[in-house]
Amino acid sequence: MRQDQIQTLIEIVLYIINRTGGIDYHRLFMILYFGNQRNLLEWGFPMIDDKFYAFPHGPAPIELYNAIKGDKTVLSGLKDSVYISQYYLLPKRQANTDYLSISDMEILEDCIARYGSISFAELEAVSRPNCWKVARENLKNPLIETAGIARDGGANEKLIEYINDMIGFDELMI
């Protein structure tokens, strides 16, 4: 991830944590997953550039997951902005919303309202879409394909092709 993508992810995480007053990381991951999916469907590109992996309880953005767990990652600066206490995250500062678009904030507000307070069992039930199931079959590399996230959200093949082209172009820019 480029530095601007890293900072955007940190600011999005802070936005969610501040709006919820603190959040467990599984719930955070689901808000990010469904926010990413909706952004793919509405704009043709992901909201965050972290890759989602199929973990037992649902999709998780791998760099963010590793940073929360304390592993060395490109998101090592996260701990300067977020208190991490086992499974729970609290903000150390407000999010810099200059890194978020109005659409990002609208999508995140909707995802927070939808997934921010449902029970863990309900959250787990919605966090196992088809792309997660496909990725879980590959135990060595359970990467969830971005196109699969969009497809599970209802994207048609023309949009999938566009998303793949945009991701390919972005990877050339790194």
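1. Gln 86 is found in the loop between β4 and β5; helices (H or I, at least four residues) and strands (E, at least two) are DSSP runs, numbered from the N terminus. The phi angle of Gln 86 is near 55°, a positive value in a residue other than glycine. Gln 86 counts as exposed, at 67% relative accessibility; buried means under 20% relative accessible area, exposed over 50%, and partly exposed in between (1.4 Å probe, protein chains only).

2. On the basis of the note: this is a predicted model, in which local features need pLDDT of at least 70 and side-chain atom pairs count only at pLDDT 80 or more, while totals for chains, interfaces and linings use all residues. Residues are numbered from 1 along each chain as its sequence is written, and side-chain values use heavy atoms, with hydrogens and water left out.

3. Two strands are taken to pair if DSSP finds at least two bridges between them. Ser 85 stands opposite Tyr 88 in β5. An open sheet is formed by three strands in the order β1-β5-β4, with antiparallel pairing. Its edge strands are β1 (23–24) and β4 (82–85), each of which pairs on one side only.

4. The protein as a whole has eight helices and five strands. Read from the N terminus on, its elements run α-β-α-β-β-α-β-β-α-α-α-α-α. The radius of gyration is 15 Å, close to the 16 Å that the globule rule gives for 174 residues, so the protein is as compact as a globular protein of that length. The radius is taken over C-alpha atoms, and the rule is 2.2 Å times the number of residues to the power 0.38. Along the principal axes, the C-alpha trace spans about 40 × 35 × 30 Å.

5. Of the 174 residues, 47% count as buried. Contacts (heavy atoms within 4.5 Å) with a separation of 6 or more are accounted for to 67% by residues 24 or more positions apart. The protein has 17 positive and 24 negative side chains, and the centres of the two sets lie 6 Å apart. Lys and Arg count as positive and Asp and Glu as negative, while His and the chain ends are not counted; the place of a charge is NZ of Lys, CZ of Arg, CG of Asp or CD of Glu.

6. Six of its eight residues are buried, so α3 is largely enclosed by the rest of the structure. The buried residues are Ile 62, Leu 64, Tyr 65, Asn 66, Ala 67 and Ile 68. Their cover includes α1 (3–20), α2 (25–43), β2 (52–55), β3 (58–61), β4 and β5. After α3 comes Gly 70, whose phi is positive, near 95°.

7. Thr 73 is found in the loop between α3 (62–69) and β4. Thr 73 counts as buried, at 12% relative accessibility. Leaving aside neighbours within four places in sequence, Thr 73 is in contact with Glu 63, Asn 66 and Ala 67. Thr 73 and Glu 63 are ten residues apart in sequence and 6.2 Å apart in space, C-alpha to C-alpha.

8. What does Thr 146 touch, not counting residues up to four places away in sequence? Its contacts are Leu 40, Ile 163 and Ile 167. Thr 146 lies in helix α7 (residues 146–152) and is buried, with a relative accessible area of 16%.
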